Amino acid sequence: MSTRRSNYIALLAATVFLATGLIAAQGQDVDLTDRPQTTEHSINFPGFLAFSERTMEYRADRLITLDQFLELAGGHDTIILDSRSADAFAAGHIEGAINLNFSDFTERKLADVIPDRATRILIYCNNNFIDDVEPVPAKSAQLALNIPTFVNLFGYGYLNVYELGEMVSLDDDRLNWVASEEVLDHEIQTAAL
């Protein structure tokens, strides 16, 4: 058997082991002792895959409808986290959302924005919107920003994360979509031309 195939089988076995452990632990406190550790100059793709598999099981129970999302958004100790770029956020976001660009996720920056890891965090991304227009153009489904955002939040110890699990329109009356004042002023000036 080739070394590459042996490594693949070992990775698959580890993934199944982690997923089985997570399923057995459902309804109990989640043990994050094996969560990814920050090590200078380390990149661990097999570890990322294994941790993502573990997170996938946890995430499955955290996908919610827009009505549930909006109901939870009004709750105490809840934030809506938009991890798109600052420009996309300024061009439009769900009212009340805060922005931390996904590429800026570090333990320190997350702690600055969300100091209490027990805070309920609601996430959404471009692929939650059927409109496929700026500022939410569709991305490849397997590369949707919700996936790495959820995995990273979970990996940094934020376990109270819920994800918008359905597609909606920007025109949905239940949704209060807002843009920054600069963007709105620019759109008004452009429309006047």
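**A helix pair and its surroundings**

In this predicted model, Phe48, Phe51, Ser52, Thr55, Tyr58 and Arg59 of helix H2 are in contact with Phe150, Val151, Phe154 and Gly155 of helix H6. By residue class, this contact of H2 with H6 comprises six nonpolar residues, three polar ones and one charged one. The two helices span residues 45-59 (H2) and 146-155 (H6), and their axes come within 10 Å and cross at roughly 95 degrees. H2 is therefore roughly perpendicular to H6, because crossing angles of 65 to 115 degrees fall in that class.

Seven of the ten residues of H6 are buried, so that the helix is mostly covered, where burial means a relative accessible area under 20%. The buried residues are Asn146, Thr149, Phe150, Val151, Leu153, Phe154 and Gly155. Just after H6, Gly157 adopts a positive phi of about 95 degrees.

Between E5 and H6 lies Pro135, and the peptide bond that joins Glu134 to Pro135 is cis, with omega near 5 degrees. Asp132 is found in that loop between E5 and H6 as well. Although Asp132 is not a glycine, its phi is positive, at about 50 degrees; with a relative accessible area of 46%, Asp132 is partly exposed.

A further positive phi occurs at Asp77, again not a glycine, with a value of about 55 degrees. Asp77 sits in the loop between helix H3 (66-73) and E2, and its relative accessible area of 47% makes it partly exposed.

These details belong to a chain with seven helices and seven strands. Read from the N terminus, the order of elements is α-α-β-α-β-α-β-β-α-β-α-β-β-α. Of the 193 residues, 35% count as buried. Among contacts between residues at least 6 apart in sequence, 71% join residues at least 24 apart. The accessible surface of the chain comes to about 11600 Å², with 55% of that area belonging to carbon and sulfur atoms.

Technical notes:
Residues are numbered from 1 along each chain as its sequence is written. This is a predicted model: local features need pLDDT of at least 70, side-chain atom pairs count only at pLDDT 80 or more; totals for chains, interfaces and linings use all residues. Side-chain values use heavy atoms; hydrogens and water are left out. Axes are lines fitted to C-alpha atoms, for helices over the stretch in contact, and angles run from 0 to 180 degrees between N-to-C directions. Helices (H or I, at least four residues) and strands (E, at least two) are DSSP runs, numbered from the N terminus. Angles under 35 degrees count as roughly parallel, over 145 as roughly antiparallel, 65 to 115 as roughly perpendicular and the rest as oblique. Contact means heavy atoms within 4.5 Å. Ala, Val, Leu, Ile, Met, Phe, Trp, Tyr, Cys and Pro count as nonpolar, Asp, Glu, Lys and Arg as charged, and the others, Gly among them, as polar. Buried means under 20% relative accessible area, exposed over 50%, partly exposed in between (1.4 Å probe, protein chains only). Accessible areas come from the Shrake-Rupley method with a 1.4 Å probe; for residues, only the protein chains shown count as cover.
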